[in-house]
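Hi,

Here's the structure I said I'd pass along. Have a look at it first, and then read on for my notes.

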Amino acid sequence: MIEEHEYGYFTEADSADVVIARNKNAKDERLKAVMAVLVRKLHEAVKEIEPTQEEWFRAILYLTETGQICNEWRQEFILLSDVLGVSMLVDAINNRKPSGASESTVLGPFHVAGAPELPMGADICLDQKGEPMFVHGHILDTKGNPIAGAKIDVWQANDEGFYDVQQKGLQPDFNLRGVFRTGEDGRYWFRGVKPKFYPIPDDGPVGKLLGALGRHPYRPAHLHYIISAEGFETLTTHIFDPDDRYIDSDAVFGVKKSLLAEFVPVNDEAAAAKVGLSAPFYDVAFDFVLSRADKS
Ligand code: BEZ
Ligand code: FE
C-alpha cells in the first residue's frame with residue numbers, strides 16, 4: 001500500500017511548506033528555524049518576481065562569480081552583505097546600546113591585528129604624506145567617568161584613500177595604524193593625516209552590481225576604531241568627516257549622525273607646535289562612551 005503523504009507533493013501554491021516540512025528532522029533546532037524563515041522568504045520573493053529561467057540562471061552565475069573571486073584577502077560575500085545593508089543591520093541588532101553610549105558601525109576588511117602599541121601622542125603617519133591631523137578626546141563610561149587602561153586600536157586610509165595593506169611596498173607596513181592605552185584621566189591623543197574618501201573594492205561582482213544599480217562604490221572619509229576596556233563592551237566604530245562629498249551616500253551605509261566629527265582647520269603655528277605639528281593642521285576632538293559589559 002502506498003503510504004499517505006503527510007505534506008503532499010510539491011506544488012506552486014504549497015512550495016515553501018513542502019520544503020520546510022522536509023527539514024523537520026534537522027539535527028539543530030536553530031538551523032531548522034533559520035532555514036524555515038529563509039525558505040519562506042525566498043519562495044515569497046521568487047513568487048513575486050516570477051523570474052524567467054534565464055534570469056534565475058544569471059542569478060546563479062552571479063553568486064558563482066562572487067564565490068570565485070574570494071581568496072585569503074578578498075571576501076566578496078561580505079562586500080555583498082555590506083552594499084545590501086545587511087552588515088549594518090546585523091551590527092545594529094548585535095550592538096543595541098544603552099542611551100549615551102557611542103554607536104558602532106562596520107569593521108570593514110582592512111583591520112590588521114597586532115598593530116604596534118605606541119606612546120600616547122605618537123604620529124601614526126610613517127611617510128609624512130598628507131595634511132597633518134591631531135585627534136584627541138576621552139574614553140568615558142555612560143556616567144561620564146574616565147576609563148583608565150582602555151585600549152584604542154585605530155586605523156585609517158591615507159590622503160589618497162588607500163590603506164597600507166592595499167599599497168604594500170608603497171606605504172610602510174603599519175602606516176596609519178596604532179594602538180594606544182589611556183591613563184587615569186581616560187584621555188587619548190595621537191597624530192595622523194586627514195583621511196580621504198575611497199571606493200570599496202569594485203573590480204568584481206559587487207562593483208558590477210553597484211554600477212548596474214546606478215550606485216557609486218565610495219565610502220566617506222573616516223577613521224576606524226576598536227576600543228576595549230575590562231568590564232566594558234568592546235566598541236567597533238568610525239568617526240566621519242561630515243564635509244565629505246559622500247557623507248550622505250556611504251556605499252555600505254556605515255554613517256550615523258552621532259559619529260560625525262568635526263575636522264577643524266587650524267592655521268596657527270603656536271597651536272601646532274603644542275601638539276607636535278606644524279601649521280596648518282586639522283584638529284579633531286571626539287569622546288567615546290563605552291557601555292558596561294553588564295549593559296548598564
Ligand atoms: C572600510 O571602511 O574599511 C570598509 C568597510 C566595508 C567595506 C569595505 C571597506
Ligand atoms: Fe575604512
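Predicted model: local features only at pLDDT ≥ 70, side-chain atom pairs only at ≥ 80, totals over all residues.

**The ligand site**

Which residues sit around ligand 1? The shell is made up of L79, D82, G108, P109, F110, Y163, Y198, I200, R219, H222, H224 and V252. By class, that shell splits into seven nonpolar, three polar and two charged residues. Two elements, helix 4 (76-83) and strand 7 (222-228), each contribute at least two residues to the shell.

R219 has a side-chain N or O atom 2.5 Å from an oxygen atom of ligand 1. For H224, a polar side-chain atom is 3.0 Å from an oxygen of the ligand, and for H222 the corresponding distance to a ligand oxygen is 3.1 Å. How much of ligand 1 does the protein bury? Taken alone, the ligand exposes 270 Å², and 100% of that is buried by the protein. As for the space that ligand 1 takes up, that is the largest cavity.

**Strand pairing**

With strand 9 (residues 264-266), the pairing is antiparallel and runs over three bridges. In that case P265 has Y282 of strand 10 as its bridge partner.

The peptide bond from A279 to P280 is cis, with omega near -5°. P280 belongs to the loop between helix 7 (269-274) and strand 10. The other spot is Q128, a residue other than glycine with a positive phi, near 55°. Where is Q128? Q128 lies in the loop between helix 5 (86-94) and strand 1.

That's the lot from me.

Cheers

Definitions and conventions
Residues numbered from 1 in each chain as written. Chains lettered and ligands numbered in written order. Heavy atoms only, no water. Near = heavy atom within 4 Å. Polar contact = N/O pair within 3.5 Å; in protein donor to acceptor, adjacent residues only side chain to side chain. Areas by Shrake-Rupley, 256 points an atom, 1.4 Å probe, with all protein chains shown as cover. 1 Å grid on protein atoms, 1.4 Å probe; cavity = no way out; pocket = protein on both sides within 12 Å on 5 of 7 lines; lining within 4 Å. Sits in = over half its atoms within 2 Å of the grid points. Helix = DSSP H or I, 4+ residues; strand = E, 2+ residues; numbered from the N terminus. Nonpolar A, V, L, I, M, F, W, Y, C, P; charged D, E, K, R; others polar. Pairing = 2+ DSSP bridges.
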